[in-house]
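Welcome, and please take a moment to look over the molecule shown here. The paragraphs that follow will walk you through it step by step.

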Amino acid sequence: MNWIDKLERKFGRYGIPNLTMYMVICYVLGYLLMVINPGMLDMLSLEPAMILKGQIWRLVTWVIYPPQTGSFLLFVISIFFFYYPIGNSLERTWGTFRYNLYIFSGLLFVMAAAFLTYFFTGRVYLVGAVFTTYYVSMSVFLAYAACYPNMQILLWFVIPIKMKWMGWVYGAIILYNIISYIRVGAWVMTVPIIASFLNFILFFFSGISMYRFRPKEVKRRREFKKAMAQSRVDPATGASVAKHKCAICGRTELDDPNLEFRFCSKCNGNYEYCQDHLFTHEHVK
């Protein structure tokens, strides 16, 4: 059991269901503020210098900064037809707690990067200029592409393309952005990009097995369980077939589901006994 499984067993009940919907609501509020009162939106941004002066609300309110600040139509398409369905699908695949952990770890990494950048440079970097939730949203897309590599979507609502190729394209774009910033000396711009994808690296490249959440693996396990269930049914009568039977009394787990059965290592042959006769029977030689 990896450490995420342990966390889920201990804190799984605290997961926030339908987290993507709340994130979308935050983005809508942020977009409206950007249009109506941009100055107010700046008062809610992630600014370490202001936070250290007492404006601690910025630790929470910065997430309302919309990842897409272009046209309204592009904002609606990217959020409601792209980010929201992908986020919901990931939550159904992983479970509420794992999806929460993925999102919140990405946000925490960005916050830590903002503070470290401020401490090392002493400069002011507003979230709208450098540190943003944009690449955290992109990490959700890459996680979806990793879990559903053969899922086909319509690019620009016209061109059919599999998610794995979209994932590779976006990965190449991200790498190109990092290299471009480094070449021009704007290394600070690479900090939020790397920080935003640490959650993706943590989940998929740190020895944590996400293979069992892939649709093919889920389907394989479901078919295996169905086949095993069918093998325990008599095809002639449709009645359940017992897996265990006591060699003394003849009782099975169908007679009492609380019965326990064991094979006797001292008997010559495969003789199985219930808990009442395991230590009282005569050994078969």
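A nonpolar core is a set of buried Ala, Val, Leu, Ile, Met, Phe, Trp, Tyr and Cys residues joined through side-chain atoms within 4.5 Å. Buried here means under 20% relative accessible area, exposed means over 50%, and partly exposed covers what lies in between (1.4 Å probe, protein chains only). The model you are viewing is predicted, so local features need pLDDT of at least 70 and side-chain atom pairs count only at pLDDT 80 or more, while totals for chains, interfaces and linings use all residues. Residues are numbered from 1 along each chain as its sequence is written, and side-chain values use heavy atoms, leaving out hydrogens and water.

Let us begin with the core. The largest nonpolar core holds 51 residues, and those with the most contacts inside it are Tyr83, Leu90, Trp94, Tyr99, Tyr102, Ile103 and Val140. Two or more residues come from each of α2, α6 (72-94), α7 (96-121), α8, α9, α10 (190-196) and α11 (198-204); such helices are DSSP runs (H or I, at least four residues), numbered from the N terminus, as are strands (E, at least two). Helix α8 gives the most to this core, with 11 residues. For a closer look, take Tyr99: leaving aside residues up to four places away in sequence, Tyr99 touches Leu19, Thr20, Tyr83, Gly87, Leu90, Glu91, Trp94 and Val140, where contact means heavy atoms within 4.5 Å. There is also a second, separate core of eight residues, which includes Cys246, Phe261, Cys264 and Cys274.

Next, how do helices α8 and α9 pack? Helix α8 (residues 134-147) and helix α9 (residues 163-183) meet at an angle of about 145 degrees, with their axes 8 Å apart. Axes are lines fitted to C-alpha atoms, for helices over the stretch in contact, and angles run from 0 to 180 degrees between N-to-C directions. On the α8 side, the residues in contact are Tyr135, Met138, Phe141, Leu142, Tyr144 and Ala145, and on the α9 side Met163, Met166, Gly167, Tyr170, Gly171, Ile174 and Asn177. These residues divide into 10 nonpolar, three polar and no charged; Ala, Val, Leu, Ile, Met, Phe, Trp, Tyr, Cys and Pro count as nonpolar, Asp, Glu, Lys and Arg as charged, and the others, Gly among them, as polar.

Now for the aromatic rings. The structure holds six aromatic pairs: rings of Phe, Tyr and Trp (its six-membered ring) pair if their centres lie within 6.5 Å, and planes under 30 degrees apart count as stacked, over 60 as edge-to-face and the rest as tilted. The rings of Phe115 and Phe119 have centres 6.2 Å apart and planes at 45 degrees, so this pair is tilted. Both residues lie in helix α7, four residues apart, about one turn of the helix. Phe115 is buried, at 17% relative accessible area, whereas Phe119 is exposed, at 52%. Another tilted pair joins Phe141 and Tyr170, 4.6 Å from centre to centre and with 55 degrees between the planes. Because Phe141 lies in α8 and Tyr170 in α9, the pair ties together parts 29 residues apart in sequence. Phe141 is buried, at 2% relative accessible area, and Tyr170 is partly exposed, at 22%.

Finally, visit Asn18, in the loop between α1 (3-11) and α2. Asn18 has a positive phi of about 55 degrees although it is not a glycine. Its relative accessibility of 25% makes Asn18 partly exposed.
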